[in-house]
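Good morning. Please look at it for a moment first.

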Amino acid sequence: MLDKRMTAADIVAQLSDGMTIGVGGWGPRRKPMALVREILRSNLKDLTIVAYGGADVGMLCAAGKVKKVVFAFVSLDAIPLEPWFRKAREAGQLEVLEVDEGMFQWGLKAAAFGLPFLPTRVGLGTDLAALGGLKTVTSPYADGETLIAMPALKLDAALIHVNRSDWRGNVQVFGPDVYYDEWFAKAAAKTYVSCEELVDRMEDHFPDDAQFNLFERCFVTGVVELSGGAHPSSMPPHYGWDMKAFKAYADAAKDPGDWSAVADRFVGASEADYLNSIGGKEAVAALPLPIF
Amino acid sequence: MTDVTLAELCIYAASEAFRGNGEIVATGVGPVPRLGAGLAKLTHTPELMMTDGECYLVEQPVPLGPRNYDDRKKAGYLPFSRFFDSAVWTGRRHAMVTPTQIDRFGQINLSQLGGTHKQPKTQMLGVRGFPGNTIYHPNSFFFPSHTTRVFVEGEVDMVSGVGYNPAKRIAGGNYSGVALKKIITNLCVMDFGGTDNAVRVVSLHPGVTFQDVQAATGFPLEKGDLVETPLPDADALAIIAQLDPHNIRASVIKDNPPAQRVS
């Protein structure tokens with residue numbers, strides 16, 4: 001179907017218990033948080049989450065939605081240790097596959113190309129292979145080099161927040177860095193995209209920005225307009241991260257330290273309620289871009 | 001020069017680690033390493049490449065702390081989305097970072113402390129890019145507090161970066177890219193120039209003895225020339241001040257002591 005418009009609830013209804021879900025973005029940057037919040041409002045459980053993790057991972061773990069996390073880090077940058085992920089880890093409630101950041105994107109690329117693995121030197125000489133059960137392969141050529149076989153990180157679904165899309169899934173992705181969103185899209189059986197701005201036909205509106213089409217529409221299953229949908233993470237050039245909101249979220253991990261007591265503040269009964277509680281889309285749009 | 005701080009001496013020592021590195025990406029994570037890389041680029045090694053901390057390559061190192069978003073002067077582009085292909089996996093980088101633990105093999109940890117991998121006592125960041133960094137390009141380290149908690153006895157709790165431990169090296173792997181360079185701390189500068197890449201003290205900060213360093217280290221250290229770590233000159237201090245207008249460097253080492261240790 002060429003018209004790929006869906007609601008956030010429609011998207012979450014397409015997901016099921018036990019799925020492996022990739023979440024685009026990086027730490028507190030470009031996270032599809034509105035879709036994550038929609039998962040938090042659902043009954044989904046036993047998920048495997050594959051992410052360059054931030055509050056997406058922390059919230060899903062805190063809410064007991066997660067069976068396993070595939071990660072290289074989980075961090076909110078200025079708050080280096082993601083507090084709710086930390087709690088879940090220290091409680092021993094998660095299965096994990098911990099990999100290097102480069103291995104991670106290599107695993108997405110293997111999945112994108114339909115390969116069982118891609119070879120790499122990364123991981124040799126560390127604890128990663130033993131802890132993750134990663135196997136080695138030997139080069140069949142004269143060098144005979146032993147390499148780690150980074151398994152494909154095949155995703156049942158990927159969630160990505162983009163700047164613009166049309167209803168056919170022609171996306172435009174801006175911002176100084178788009179991280180590995182392209183590879184999440186290609187590693188997934190189905191990719192659901194939320195966007196700051198939904199337009200009718202991209203060629204009628206923004207043809208001059210066509211080179212920002214980070215991944216082609218054949219990789220897009222569903223599209224929903226959710227402006228402010230990355231909050232509290234950053235979405236350049238529209239808005240920066242909301243460190244005040246992250247700090248409140250981090251503080252809540254200590255006091256009261258119980259997600260069920262605070263979920264309403266950080267998730268809301270609906271996305272409209274959530275946005276209202278933080279001052280509306282205007283407040284999100286006013287957040288300054290981060291300086292590094 | 002009595003008013004030179006220990007942090008400034010460490011920045012100067014950090015800049016020396018990048019001397020003559022060539023056209024590679026110098027990455028300093030944290031105020032002292034970052035100022036060290038910037039100082040190196042603005043003095044003895046202008047060919048160094050570096051980013052603004054986000055994704056643009058800059059020829060003028062960006063100052064630390066609050067500034068206007070577009071103050072950076074973009075000369076090139078090196079986003080995370082191509083960091084591995086352009087910098088890390090081609091070996092064209094030297095990073096200086098601060099892990100949570102390091103051991104006598106130069107193995108580092110920033111993933112977890114204590115417990116098991118299934119249930120760590122303390123979950124930290126995760127291995128981030130350390131496994132790839134350490135097998136592909138040179139790395140140095142900065143520790144603001146040199147203690148036996150950081151320089152551990154035995155091995156680190158979770159080996160997140162490749163060191164010179166023969167027992168950890170899977171046979172047939174290519175370890176030719178492993179290059180651990182300098183360790184800069186609040187007490188001294190060390191390298192891996194000892195027997196079989198053992199950690200060796202090469203310079204002591206003013207007023208610090210080898211015994212002080214050994215007492216703060218969980219494994220035996222070798223002795224290099226043990227010269228005194230040089231103080232930054234006035235030009236270097238001026239550049240450091242310009243790159244750190246908010247004096248963030250004053251918060252790096254406890255109580256911001258002077259470079260000359262008072263006994």
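Helix α2(B) is mostly covered, with 11 of its 12 residues buried. This is a predicted model, so keep that in mind throughout. The buried residues of α2(B) include B:Pro31, B:Val32, B:Arg34, B:Leu39 and B:Lys41. What covers them? Among the elements over the buried residues of α2(B) are α1, β1, β2, β5, β10 and α6 of chain B.

Now a check on length. The 12 residues of α2(B), at 1.5 Å a residue, should span 16 Å, and the end C-alpha atoms are 16 Å apart, so the two values agree.

Next, one of the neighbours. Two packed helices are described by the angle between their axes and the distance between the axes. For α1 (residues 6–17) and α2 (residues 31–42) of chain B, the axes come within 7 Å and cross at roughly 55°. The two helices are therefore oblique to each other. The crossing of α1(B) past α2(B) is right-handed. On the α1(B) side, the contact is made by B:Ala7, B:Cys10, B:Ile11, B:Ala14, B:Ser15 and B:Ala17. On the α2(B) side, the contact residues include B:Leu35, B:Gly36 and B:Ala40. By class, this contact has 10 nonpolar, 2 polar and no charged residues.

Last, the two chains. How many residues of chain A are in contact with chain B? There are 40, and they meet 44 residues of chain B. On the side of chain A that touches chain B, α4(A) gives the most, with 4 residues. That side of chain A divides into 19 nonpolar, 11 polar and 10 charged residues.

Methods: Residues are numbered from 1 along each chain as its sequence is written. Chains are lettered from A and ligands numbered from 1 in the order in which they are written. This is a predicted model: local features need pLDDT of at least 70, side-chain atom pairs count only at pLDDT 80 or more; totals for chains, interfaces and linings use all residues. Axes are lines fitted to C-alpha atoms, for helices over the stretch in contact, and angles run from 0 to 180 degrees between N-to-C directions. Angles under 35 degrees count as roughly parallel, over 145 as roughly antiparallel, 65 to 115 as roughly perpendicular and the rest as oblique. A crossing is left-handed if the near helix is turned anticlockwise from the far one by less than a right angle, and right-handed if clockwise. Two residues are in contact if their C-beta atoms, placed from the backbone, lie within 7 Å. Ala, Val, Leu, Ile, Met, Phe, Trp, Tyr, Cys and Pro count as nonpolar, Asp, Glu, Lys and Arg as charged, and the others, Gly among them, as polar. The expected span of a helix is 1.5 Å times one less than its number of residues. A residue is buried if 20 or more other C-beta atoms lie within 10 Å of its own, exposed if 12 or fewer, and partly exposed in between; C-beta atoms are placed from the backbone.
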